[in-house]
Structure formats: C-alpha cells, structure tokens
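Biologist: Could you walk me through one part of this model slowly, and then show me what else is worth a look?

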Amino acid sequence: MMVHTRMFLPTLYGQATEEQKDKWLKLAENYAIVGTYAQTEIGHGTFVRGLETTATYDPKTQEFILNTPTLSASKWWPGGMGKTSNYVVLMAQLYIHSKPYGVHSFMLQIRSLEDHKPLPGVTVGDIGPKFGYDVMDNGFLALNNVRIPRENMLMKHSRVEPDGTYVKPPSTKLAYGTMVQVRANIVMYSGVVLAKAVTIATRYSCVRRQSEMKPGHPEPQVLDYVTQQYKLFPYLAAAYAFWLTGQTMMSVYTTSSSQISKGDISVLPELHALSAGLKALSSAAANVGMEKCRLACGGHGYSHASGLPRLYTNMTPASTAEGEHVVLMLQTARYLMKSYNQSLQGEKLAGSVAYLSGVQLVPAAGRTRNMLDLGVLCDAYRHRAGRLVHEAAAQLRSELQAGKDQADAWNATSVDLVKAATAHSQYFVVKNFAERLTDSTLDSSISDVLTRLCQLHALHGLVTNSGDFLEDGYLTGTDIRQARRHINALMAKLRPDAVALVDAFDFPDGILNSVLGRYDGNVYEHLLEWAKASPLNKTDVHQSYHKYLKPFLEANRAKL
C-alpha cells in the first residue's frame with residue numbers, strides 16, 4: 001500500500017479538481033480502491049519528457065484513447081501494480097488533433113472491482129524477481145486503445161475543453177509535483193534507514209569482543225578499537241545529518257506546496273533542484289553506509305539474522321527510483337548554472353543558492369583556523385561549492401566558445417557539473433545541521449553531543465574530499481592534518497555516548513528486525529534460536545540425504 005499512500009493519494013490531493021476529488025478521493029482514502037503511480041516505462045525512466053505512452057483526445061466522444069504504441073512504451077516498475085492496484089495515475093503524452101501537448105496525468109481503472117481481472121485493452125502483471133524488496137509487486141502495463149472519459153484527466157492545473165481546446169498550466173513542472181514529494185520523502189527515508197544500520201552495527205560492536213588489545217587482558221568490545229569507530233561513527237553522524245535534512249526538506253516541500261496552491265510558482269525551480277540533489281546525495285550515502293555497517297559486523301553481518309542484507313536490498317532501489325543519481329545531480333547543476341549566471345548579471349539570489357552571489361575565488365590560505373569551529377567548516381564547504389560551480393560554469397563557457405552546441409558542451413562538462421551539484425548538496429546538509437544546533441530549546445548536554453556529531457560529519461567529509469579544499473589553496477595541509485586529529489578526538493568523546501545515540505532513534509526490536517541489533521544485547525542466545533528455527537532444521541535428517549547423499553555415499557563405499 002506504500003505507493004497508494006505516498007504517490008497515488010498525494011497526486012489526487014495536488015492535481016485533481018474539487019469535482020474529481022469528490023469522485024475519487026473518498027474511495028482512495030478509505031481503501032475502497034487501491035492505486036499506484038504509472039510513470040516509468042521499460043524504455044524511459046528519469047527522462048519524463050521522453051515518455052511514449054499516449055493519450056489522444058477524441059472530441060466526438062469526449063474521450064481520451066490510451067495506448068502504449070511500442071514495446072518500450074510499456075509501463076514498468078510501478079509499485080503495487082503487479083497484482084494489487086485496480087487504479088493508476090497514468091502519465092502520458094497528450095495529443096489533440098495530432099498536436100503534442102506534453103506529459104499529463106490521467107486517472108485509469110485497470111482491474112475490475114468485482115473479480116480483480118484486467119479490463120479490456122489492459123495487459124498487466126508483475127515484472128518478476130528483483131535484487132530485493134520482494135514484498136512489493138512492481139508491475140508492467142500495456143494499453144491497447146483503452147478509452148476513458150475526458151473528466152479522467154487530472155485538471156487542477158491544465159485542462160482539455162469538450163471541443164478539444166487546451167488550457168495550459170502556469171508551469172509544465174506542476175505535473176511533476178508527486179515526483180518532487182517522493183524525492184523529499186527519500187531524503188528522510190535515507191536518514192532513517194542509515195540510522196537503522198548504524199544502530200545494528202553499533203549495538204553489536206558493544207556485544208562482540210575480539211582479540212587482545214593488551215596481552216593478558218580480557219577481549220575488549222569491538223567498538224573500543226578506533227578503527228571500528230572510524231567505520232561507524234562517521235555514519236552515525238551522517239544518519240543524524242540526513243535525518244535533520246529530511247525534516248528540513250519536508251518542511252520546505254510543505255511550505256512550497258502551500259505557496260504553489262495559492263498560485264505562486266516561483267518556488268518550483270528551487271524546490272525541484274533541492275529535492276533532486278539531496279535525494280541523490282542521501283540515497284547514495286545511505287547505500288555506502290549500510291554496506292560499511294554490514295562489513296563492520298564481520299561474518300554475522302552477512303546473515304539475514306543481522307537484518308542488514310534485507311535492509312540494504314530494500315533501500316538500494318532509492319538510488320535509481322524517481323531519478324537516477326547522476327541525472328538528478330545534473331538537474332540540480334542546471335539550476336546552479338542558471339542561478340550563477342543570474343548572479344553575474346547582478347541579480348540577488350535567495351534560498352539555497354544565495355551564497356553564489358558572493359563567490360570569492362581568492363585563496364584564504366595562511367589564516368590560523370580552528371577546524372572545530374562550525375562557522376569555519378561551513379565557510380569551507382560554502383567556498384568549495386561556490387568555486388566548483390564557478391569552475392563548471394567556466395568550463396561550460398569554454399566548450400561553447402570552442403564551437404560546440406549547448407547539448408554537446410553540457411555533455412562535455414557533465415563530470416564537473418555533477419561534482420559542483422554534489423558539493424552544493426553537501427554544503428546544504430552541513431549548514432542545515434549547524435543551523436539546527438542554534439535551537440535555544442536544546443538542553444546544553446544534548447547540544448554538546450549533537451555539536452560533536454555535526455563536527456564529525458563536516459570534518460569527515462572534508463578529509464574524504466580534501467583535494468577539493470586544497471586544490472585552490474583555500475585550506476592547507478596543516479588544516480587537513482588538524483582535521484584528522486580532531487576526528488580521532490571527537491570519536492573518543494563520542495564513544496561513551498554511542499549506544500545512547502543509536503537508542504535515541506527509538507527503533508523497537510520488531511521494526512529493527514535484527515538479532516545482532518537487539519536492544520537487550522542478548523545476541524548469541526537469540527542467534528542460535530534463529531538458526532534452529534530454519535526450515536532446514538525441522539528434521540535431523542533432511543530429505544536430500546535419502547534422495548542424493550545416501551546413494552552417492554553408498555555407491556562410493558561399494559567401490560572400495
């Protein structure tokens with residue numbers, strides 16, 4: 001039901017007229033119908049403008065004729081469409097009198113409400129096994145001359161009159177509102193999933209004892225090894241960073257949606273760019289972090305008992321769902337290039353790109369810096385993002401001056417553009433974390449430990465990407481060495497609070513679903529119980545022994 005609640009319903013809220021809401025919303029809210037969001041095709045994903053599914057208006061009957069005219073036009077991947085949904089919001093290219101009007105959304109019933117069988121002209125099913133996430137019946141859909149009433153086009157922002165007259169929306173991007181909301185949700189989800197992985201690995205690292213740190217002494221907890229802290233604590237900090245970023249992103253989305261509903265579409269470009277960049281950054285970081293957590297649990301991390309394999313395979317689709325990583329970063333980059341060029345024309349920028357108005361390219365090396373100062377760290381991230389945006393813009397200009405057209409110049413500069421968009425998104429995360437710490441309602445002890453997490457997150461990112469900060473001389477080798485020393489000191493200070501920090505996420509055992517990450521720490525007893533419960537252990541002698549192993553062994557013995 002997740003796609004029904006997170007995509008189908010929000011689309012009706014955001015794109016249906018009041019009359020259409022009266023017709024469908026009560027049914028959907030009360031699960032009298034179950035819907036999904038059918039956008040992605042077998043041949044098209046992130047490039048929405050390239051969708052091939054068509055909705056051709058017939059003014060004689062006042063109907064839309066829906067078709068997937070090619071194999072690559074078949075809808076592919078919508079969650080819940082395989083076997084569950086009986087309705088879809090269909091994204092299709094609108095045609096009126098053979099003229100294309102771009103992608104629009106249509107309400108389409110695909111299965112009977114009586115026996116759940118596909119309706120005439122509809123071919124629908126499940127796409128088959130995937131890397132993971134088997135609980136979701138992702139589906140395919142092909143349409144052959146399926147007719148729906150004119151009123152089934154969601155017409156809050158644009159509409160087709162009975163005679164075929166097209167009334168265009170204030171912005172074509174309004175049709176992508178659901179996609180933006182899902183991206184904002186993925187930012188939050190990435191923080192939550194990373195928090196689960198870090199919780200499992202941190203708790204288990206306190207249960208597990210390994211080797212002798214000092215000869216003759218008891219085996220220490222694995223988390224007492226600094227190398228283990230270096231594996232986990234940066235991702236503990238990242239989990240908090242993305243959790244807070246997710247909250248901010250959802251707040252921005254809610255505020256922007258309110259403005260859009262009142263007719264102010266000026267916030268759309270910023271909202272789209274921010275959600276694209278942060279979705280790409282957070283989902284990628286969560287994927288890397290979950291694998292690091294699995295490795296930090298040693299061999300037991302590979303077992304399904306750890307909960308980590310399923311957590312990983314359920315989360316990893318987020319890197320490509322609702323926009324592939326690089327494509328989304330390039331969408332953010334397009335907004336950055338436009339904003340940067342506006343700043344060169346003297347326009348004042350606001351929102352997440354306000355800093356581009358004051359890009360300072362003069363190296364600041366030689367200063368004595370306190371690399372624990374969050375203001376210093378935010379300045380460093382801001383400078384890096386601004387410089388990389390400036391250099392990407394300069395490279396793009398150079399490619400154009402060399403005679404390439406806009407498309408070829410953009411492609412040639414794309415690596416630099418992705419790097420600039422990534423730096424911009426990372427700056428937003430660090431800045432947001434630091435700003436959240438200024439909340440006067442925070443208890444001082446809570447503020448202290450969250451400050452350490454923020455410092456660790458910023459410093460770890462800085463050291464990991466040290467080349468970017470050293471390249472133009474903004475930071476020095478001394479600064480980076482100081483940052484490394486601070487990381488070690490911060491980890492030592494965070495070690496006593498590590499378990500409390502993951503407990504603060506408040507995941508019940510039933511939700512965490514991990515033997516290794518149990519709240520009570522009784523890992524080994526429950527690991528053995530979990531193993532005994534395996535279907536292979538229902539009998540002492542498995543049927544395969546009688547069918548294969550016994551004849552094989554007896555035949556070999558007979559030869560001796």
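Biologist: In the open sheet of 3 strands, what is the order of the strands, and is their pairing parallel or antiparallel?

Modeller: Happy to! This is a predicted model, where local features need pLDDT of at least 70, side-chain atom pairs count only at pLDDT 80 or more, and totals for chains, interfaces and linings use all residues. Residues are numbered from 1 along each chain as its sequence is written, and side-chain values use heavy atoms, without hydrogens or water.

Your sheet runs in the order β4-β8-β7, and its pairing is antiparallel (a pair needs at least two DSSP bridges; strands are E runs of at least two residues and helices H or I runs of at least four, numbered from the N terminus). On the edges you will find β4 (75-76) and β7 (122-126), each of which pairs on one side only. Follow β7 to its partner β8 (residues 139-143): these two run antiparallel and are joined by 5 bridges.

Now look at another pair of strands. β5 (residues 87-96) and β6 (residues 99-109) pair in the antiparallel sense over 9 bridges. Across this pair, M91 faces S105 in β6. The two strands make a hairpin, with 2 residues between them. In that turn, H97 has a positive phi of about 50°.

Let's finish with the helices. α4 (residues 226-261) and α9 (residues 406-436) pack at about 85°, with their axes 9 Å apart (axes are lines fitted to C-alpha atoms over the stretch in contact, with angles from 0 to 180 degrees between N-to-C directions). The two are therefore roughly perpendicular (65 to 115 degrees; under 35 is roughly parallel, over 145 roughly antiparallel, the rest oblique). Their contact (heavy atoms within 4.5 Å) includes A237, Y240, F242 and L244 from α4, and F428, V429, F433 and R436 from α9.

Helix α4 also packs with α10 (residues 444-464), at an angle of about 110° and with axes 8 Å apart. That makes α4 roughly perpendicular to α10. In this contact, α4 contributes residues including Y230, F233, P234, A237 and Y240, while α10 contributes L450, L453, L456, H457 and H460. Keep A237 and Y240 in view: both belong to the contact with α9, and both belong to the contact with α10.
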